[in-house]
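The following explanation goes through one protein model, beginning with a local detail and ending with the chain as a whole.

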Amino acid sequence: MRRHKKLIWASATHFMVDFICAWMIINKIPGSESWYLKMLLYNFLAFAGQLPAGVLLDRITARSDKAGSITASAGCFLCLAVLLTEADSFALTVTAGIGNALFHVGSGAGILRKYHGRASASGIFVSTGALGIYAGSVIPMINRIFIPAAVILFVLSAYSLRLTAAEKKSSITETRSGQTNAGNEKPFSDSPGREAMSLICLFLVVVLRSFEGSIFSFSWNDSIITGIFLTGAVFLGKMLGGFASDVFGSLQTAAVSLGIAAILLAVSDHMGAALIGVLLFNMTMPVTLSELYRKIPAYPGTAFGLLTFALYLGVLPLFSGTGGVSSPAVYSVLTVISLILIITGLLLPEAGTKKRA
């Protein structure tokens, strides 16, 4: 348990950051004419903004082992400012978006690096965000919740920095050595064409998963209780997908989970089938993240940023008014396309290796 302190604290902080940002969107961005613009701005900063932040972080991390934790903590304190101030909503939007991006890319890159791309660690980290988003969207921020939330986020942020400062020199040396070796690795060195196509396929999987997740709408989901069940399915799917990938392999996990999900989502008017289908559908989230990182192991921030940029592209159709295509048949078809893309993305490099052999 002790050696997983960073993962535990990062995951708990992820819950709090997403809780605050979701609460801000629901409660602090007024329903004015500028609401649409503010939502576009927030999503751009919070998701698309992680790619340039990740690229920059990778460059800084080569000179400082603490850069990731400092970046994540800076994001936390920006979100804390959102919670504590009554600033103009545009200022809140910018602050929350930047804070969200810095926390996610700083913590996400750190988890990828520390656990060498193990999908189980990434699955645990990303899964708590789903809980935070739902809790922040349904829980009113009354004083009895407001003050404890601020205190909890502050403690989590400060302790995250303390954990980083207290690392043993041997651990730092090992990390630096791993980064040096990773930096000497040339991505796509064996078969650049196949590896590039593989990366594109995995990127498109995330875009498609983001779009499909944004249009999920179930007739039975009409209360807080069913919302909790649905959020729990997303949470468990992301977490269990990471463990399944580490145990059975990325290809097997993706093929089985998406194959069964496509069938169940076709009959998602039934609550039980939909919940299991959503759980299985989300199991590939840590798979794609870990596989992206393995393709560019020297650049964990860039890998994490690529994934979140894909998430941003996936929700854009909703803002353009072209996302209203919700139906069980559509969910099933999109899941099948995701299945084809991810299998192609995972098999392309292997096929190139066998051909050379």
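The model is predicted. Arg294 forms a salt bridge with Glu291, and their closest N and O atoms are 2.9 Å apart. Glu291, at 13% relative accessibility, counts as buried. Both residues belong to helix α13; they are 3 residues apart there, so about one helical turn separates them. Side chains of opposite charge can pair when their charged atoms come close.

The structure holds 2 salt bridges. Another salt bridge joins Lys295 to Glu195, with 3.2 Å between the closest N and O atoms. This pair links distant parts of the chain: Lys295 sits in helix α13 (residues 284-295) and Glu195 in helix α9 (residues 192-215), 100 residues apart. Lys295 is buried, since its relative accessible area is 11% and the limit for buried is under 20%.

On the surface, Val138, Ile139, Ile224, Ile225, Ile228 and Phe229 form a nonpolar patch with about 520 Å² of accessible area together. Helix α10 (residues 224-248) gives the most to this patch, namely 4 residues. Ile228 lies in helix α10 and is partly exposed, with a relative accessible area of 45%.

The protein chain as a whole has 15 helices and 0 strands. Of its 357 residues, 53% are buried. The chain exposes about 16200 Å², of which carbon and sulfur atoms supply 68%. Among contacts with a separation of 6 or more, 85% are between residues 24 or more positions apart.

Technical notes: Residues numbered from 1 in each chain as written. Predicted model: local features only at pLDDT ≥ 70, side-chain atom pairs only at ≥ 80, totals over all residues. Heavy atoms only, no water. Helix = DSSP H or I, 4+ residues; strand = E, 2+ residues; numbered from the N terminus. Buried < 20%, exposed > 50% of the residue type's maximum accessible area, 1.4 Å probe, protein only. Contact = heavy atoms within 4.5 Å. Areas by Shrake-Rupley, 256 points an atom, 1.4 Å probe, with all protein chains shown as cover. Patch = residues over 30% accessible without salt bridge, like charges linked within 9 Å, V, L, I, M, F, W, Y side chains within 5 Å. Salt bridge = Lys/Arg side-chain N within 4 Å of Asp/Glu carboxyl O.
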